[in-house]
Amino acid sequence: MANLTTHFFGLDLKSPVIIGSAGLSNSVEKIRLLAENGAGAVVLKSVFEEEIYNEYQSEIEKQSVAHHNLEHLDYFDYEIKNDRVKKYLELIQGVKSAGIDIPLVASINCTSGSDWVFFAKKLEEAGADALELNLFVLPSDFDRSADQIHDYYFKTINKVIEASNIPVSIKLSPYFSDLARMIKELSETKLVGITLFNRFYNVDIDIDNKELVPAKILSHPFEYLQSLRWIGIMSGRVKCDLAASTGVHDYETAIKLIMAGASAVQVVSGIYKHGYDFVKELVVGIAKWMDENNIESIPQLIGSANTEGIKNPEMYERVQFMKYFGEFDKAID
Ligand SMILES: Cc1cc2nc3c(=O)[nH]c(=O)nc-3n(C[C@H](O)[C@H](O)[C@H](O)COP(=O)(O)O)c2cc1C
């Protein structure tokens, strides 16, 4: 049978199917089930930087670690629950002491990069194997230039990396005016991996009540195309591993994203829709397809359809495709 081992988060993983950050992994038993179904790693739900500060305020101040920057508190749009961070650390410890053999990745929604020395130590002590940063600035502020946003990302990321002894990766948004360059420069830091892309909370309009409402929480199967394009463009041109996120709803999509250049895929909506068995379905589907196509290992597959490995790589960068739009239009003439 095909060998499904791969490498992401700076770790060796038993399979390329990673459970993305969400409430799917909020108990030891759920994580055991995900591991039994063949997941390669589990990213826990994000902890917010403000939660860390709120819960450990006195300890942080005692250690005189300056907390300069809480201007983002207004952006923190749900109730800060005491004890959430302690429970998070207990969950990591619980999984490790139950002997569940799966890498656990702590996820942090960081806004300022402060107090990391303190919290990174706590995560390491609890047994987290790696860290994923969930860092996002919506570029909607007229007074904030692209350069300022870049500086902010790099300062925050470097601060976290300096404070951590475990590998750090980032799940990125696609909202950069120079996305390729941004991904390349991020890969030249000490980040061990970049996941393309996070899918954020979206708003929609209720036209009857004339109010904004939350858009669909779960992704649609065709949403993988944006990740596929950018992984295909960046694969082989970056200095760290890439993973894919958003829109993995079947094993065929996982294979395409790996062929484009992802070392692994992250999955969330598919599990919410189809249940925990969906993880096994993906793993078995990938292995069976590899066997049928005489592909022995995941590294053999990674990037086999990136810009260097495919007949017509120019299609990754073609956005106004006259030939296909023209033919499509002819069909209704
Ligand atoms: C209910 C729910 C909760 C989520 N919570 C987080 C979170 O805490 N941190 C994070 O980085 N992403 C979070 N996400 C985003 C997912 O990790 C993932 O990036 C996104 O859903 C796209 O993947 P998918 O198409 O497989 O769902 C959440 C998604 C869902 C649906």
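Tutor: The side chains of D129 and K96 form a salt bridge, 2.6 Å from N to O. This is a predicted model, where local features need pLDDT of at least 70, side-chain atom pairs count only at pLDDT 80 or more, and totals for chains, interfaces and linings use all residues. Residues are numbered from 1 along each chain as its sequence is written, and side-chain values use heavy atoms, with hydrogens and water left out.

Student: How many residues apart are D129 and K96?

Tutor: D129 sits in the loop between helix 4 (116-126) and strand 7 (130-134). K96 sits in helix 3. Helices (H or I, at least four residues) and strands (E, at least two) are DSSP runs, numbered from the N terminus. The pair links distant parts of the chain, and the separation is 33 residues.

Student: How many salt bridges does the rule give?

Tutor: The rule asks for a side-chain nitrogen of Lys or Arg within 4 Å of a carboxyl oxygen of Asp or Glu. D101 and K14 meet it at 2.7 Å, N to O. By this rule the count comes to seven.

Student: Are D101 and K14 buried or exposed?

Tutor: Buried means under 20% relative accessible area, exposed over 50%, and partly exposed in between (1.4 Å probe, protein chains only). Both D101 and K14 are exposed.

Student: Which helix holds both R32 and E29?

Tutor: The side chains of R32 and E29 meet in a salt bridge, 3.1 Å from N to O. The two are three residues apart, about one turn of the helix. Both lie in helix 1 (residues 28-36).

Student: Why does V105 count as buried?

Tutor: V105 lies in strand 6. Leaving aside neighbours within four places in sequence, V105 is in contact (heavy atoms within 4.5 Å) with residues including F9, V42 and L131. V105 counts as buried because its relative accessibility is 0%.

Student: What accessible area do Y201, V203, I205, I207, L212 and I217 have together?

Tutor: These residues form a nonpolar patch on the surface. Patches are made of residues with over 30% relative accessible area and no salt bridge; like charges are joined within 9 Å, nonpolar side chains (Val, Leu, Ile, Met, Phe, Trp, Tyr) within 5 Å. Areas come from the Shrake-Rupley method with a 1.4 Å probe, and for residues only the protein chains shown count as cover. Together the accessible area is about 730 Å².
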